Amino acid sequence: MHDISTTENAVTLNNVSYAYQPGEWIVRGCNACFGKRRVAAVLGPNGRGKTTLLKLLIGAMKPSEGNITSQGEIAFVPQLFDTAFNYTAVEMVMMGRAKRLRLFSQPSRHDLDLALAMMDRFGIAHLANHPFDTLSGGQRQLVIFARALVAEADIIILDEPTSALDLQNQVVVLRWMRRLAETEGLTVIFTTHHPHHALWVADDALLMMGHTEHEMGSVETTLTEPNLTRLYGTAMKRIAFEHDGRKVETLTPVFEPAS
């Protein structure tokens with residue numbers, strides 16, 4: 001087996017396979033490299049193994065075959081969720097410090113200051129004492145981003161980070177994902193059902209074509225009309241147009257008349 005890892009990759013999958021039952025492969029023979037300080041999108045219809053791949057990347061499950069290597073601390077940002085307890089926003093952020101604390105120790109003033117400083121960086125410091133579950137979807141997502149960063153992670157893995165967000169908050173979250181790579185030097189890996197999001201913020205894309213077929217590369221080479229049409233089973237178009245004096249590209253499905 002050829003080792004595709006390099007020092008420039010934050011996460012490398014070498015011939016990774018996983019089966020929940022013997023012979024029933026969810027992911028089979030996946031090779032992929034996620035570069036340092038880059039944003040990568042994982043795309044595919046439901047049932048193609050995206051969730052399984054995330055669990056493998058964060059170490060929640062071990063590959064049935066192959067191996068995954070990572071260079072740096074990984075933080076996981078789940079889809080939007082409600083908490084069982086009435087935590088404040090700053091308490092949610094401080095949970096990111098848990099791995100840095102000694103057994104049975106409590107967060108220190110230093111931990112609180114780090115949490116508040118991180119919230120300020122995301123423009124949400126004024127929400128520190130607000131109950132987490134009363135925040136908007138976009139605000140909650142930024143709180144979870146802040147929690148991942150105070151954990152001093154090098155790699156951020158996000159599960160459909162724009163799900164259940166309105167368009168304005170989708171833009172806010174996507175812009176922050178780009179900044180995490182460009183200004184914080186992090187590696188960002190996210191799953192999405194929106195190829196136009198991947199085209200906008202990602203450097204690379206992994207297409208889950210099937211349980212045994214995967215395509216990894218730059219967004220320019222992977223997010224093509226033929227690839228995406230085959231991936232989603234419906235016609236996709238990549239459209240370029242002028243906006244505010246600059247060229248913009250997006251991706252859209254082609255919906256046939258519903259007659």
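Trainee: How do the residues of the lining of the second largest pocket divide into nonpolar, polar and charged?

Mentor: The lining divides into 9 nonpolar, 1 polar and 4 charged residues. Keep in mind that this is a predicted model.

Trainee: Which residues lie nearest the centre of the second largest pocket?

Mentor: Ile-74, Ala-75, Phe-76, Lys-99 and Ala-151 lie nearest its centre, out of 14 lining residues. Ile, Ala and Phe count as nonpolar and Lys as charged. Strand E5 (74-77) and H4 each supply at least two residues of this lining. The volume of the second largest pocket is about 280 Å³.

Trainee: How much space lies in the largest pocket?

Mentor: About 490 Å³. The largest pocket has 17 lining residues, and His-196, Trp-200, Val-248, Glu-249 and Thr-250 lie nearest its centre.

Trainee: Why is His-197 called buried?

Mentor: Its relative accessible area is 5%. Buried means under 20%, so His-197 is buried. His-197 sits in helix H6.

Trainee: What joins the side chains of His-197 and Gln-170?

Mentor: A polar contact of 3.1 Å. The cut-off for such a pair of N or O atoms is 3.5 Å, so the distance passes. His-197 also touches Thr-162, Leu-174, Thr-192 and Ala-202, leaving out residues up to four places away in sequence.

Trainee: Where does His-214 lie?

Mentor: In strand E9 (residues 213-218).

Trainee: Which backbone oxygen lies 3.4 Å from a polar atom of the side chain of His-214?

Mentor: The one of His-211. The backbone oxygen of Gly-210 lies 3.5 Å from a polar atom of that side chain. The limit is within 3.5 Å. Leaving out residues up to four places away in sequence, His-214 touches Val-27, Arg-28, Gly-29, Cys-30, Leu-206, Leu-207 and Met-208.

Trainee: Why is Val-39 called buried?

Mentor: The relative accessible area of Val-39 is 0%. That is under 20%, so Val-39 counts as buried. Val-39 lies in strand E3 (residues 39-43).

Trainee: What does Val-39 touch, not counting residues up to four places away in sequence?

Mentor: Its contacts include Met-177, Arg-178, Ala-181, Val-188 and Phe-190. Also among them are Val-201, Ala-202, Asp-203 and Asp-204. Look at Thr-187 as well. The C-alpha atoms of Val-39 and Thr-187 are separated by 6.1 Å, although the two are 148 residues apart along the chain.

Trainee: Is Ala-32 buried or exposed?

Mentor: Buried, with a relative accessible area of 1%. The cut-off is under 20%, so the value qualifies. Ala-32 has its place in strand E2 (residues 24-35). Its C-alpha atom is separated by 24 Å from that of Arg-175, which is 143 residues apart along the chain.

Trainee: Why is Arg-37 called partly exposed?

Mentor: Arg-37 has a relative accessible area of 46%. Buried is under 20% and exposed is over 50%, so 46% falls in between. Arg-37 lies in the loop between E2 and E3. Its phi is near 60°, a positive value in a residue other than glycine.

Trainee: What is the phi of Glu-152?

Mentor: Positive, about 60°, although Glu-152 is not a glycine. Glu-152 is found in the loop between H4 and strand E6 (155-159). Its relative accessible area is 43%, so Glu-152 is partly exposed.

Trainee: Which residues touch the most other members of the largest nonpolar core?

Mentor: Phe-122, Phe-145, Ile-156 and Leu-223, in a core of 53 residues. Helix H4 (residues 137-150) gives the largest share of this core, 8 residues. Another core, of 21 residues, lies apart from it, with Ala-10, Leu-13, Leu-54 and Ile-155 among them.

Trainee: What does Phe-145 touch, not counting residues up to four places away in sequence?

Mentor: Val-77, Phe-122, Leu-158, Val-173, Trp-176, Met-177 and Leu-180. In soluble globular proteins, nonpolar side chains tend to be buried together.

Key
Residues are numbered from 1 along each chain as its sequence is written. This is a predicted model: local features need pLDDT of at least 70, side-chain atom pairs count only at pLDDT 80 or more; totals for chains, interfaces and linings use all residues. Side-chain values use heavy atoms; hydrogens and water are left out. A nonpolar core is a set of buried Ala, Val, Leu, Ile, Met, Phe, Trp, Tyr and Cys residues joined through side-chain atoms within 4.5 Å. Buried means under 20% relative accessible area, exposed over 50%, partly exposed in between (1.4 Å probe, protein chains only). Helices (H or I, at least four residues) and strands (E, at least two) are DSSP runs, numbered from the N terminus. Contact means heavy atoms within 4.5 Å. On a 1 Å grid over the protein atoms alone, a cavity is a set of points where a 1.4 Å probe fits but cannot get out, and a pocket is an open set with protein on both sides within 12 Å along at least five of seven lines; lining residues have an atom within 4 Å of a point. Grid points are joined across faces, edges and corners, and a volume is the space filled by probe spheres set on the points. A polar contact is a pair of N or O atoms within 3.5 Å; within protein, one must be able to donate a hydrogen and the other to accept it, and residues adjacent in sequence count only if both atoms are side-chain atoms.
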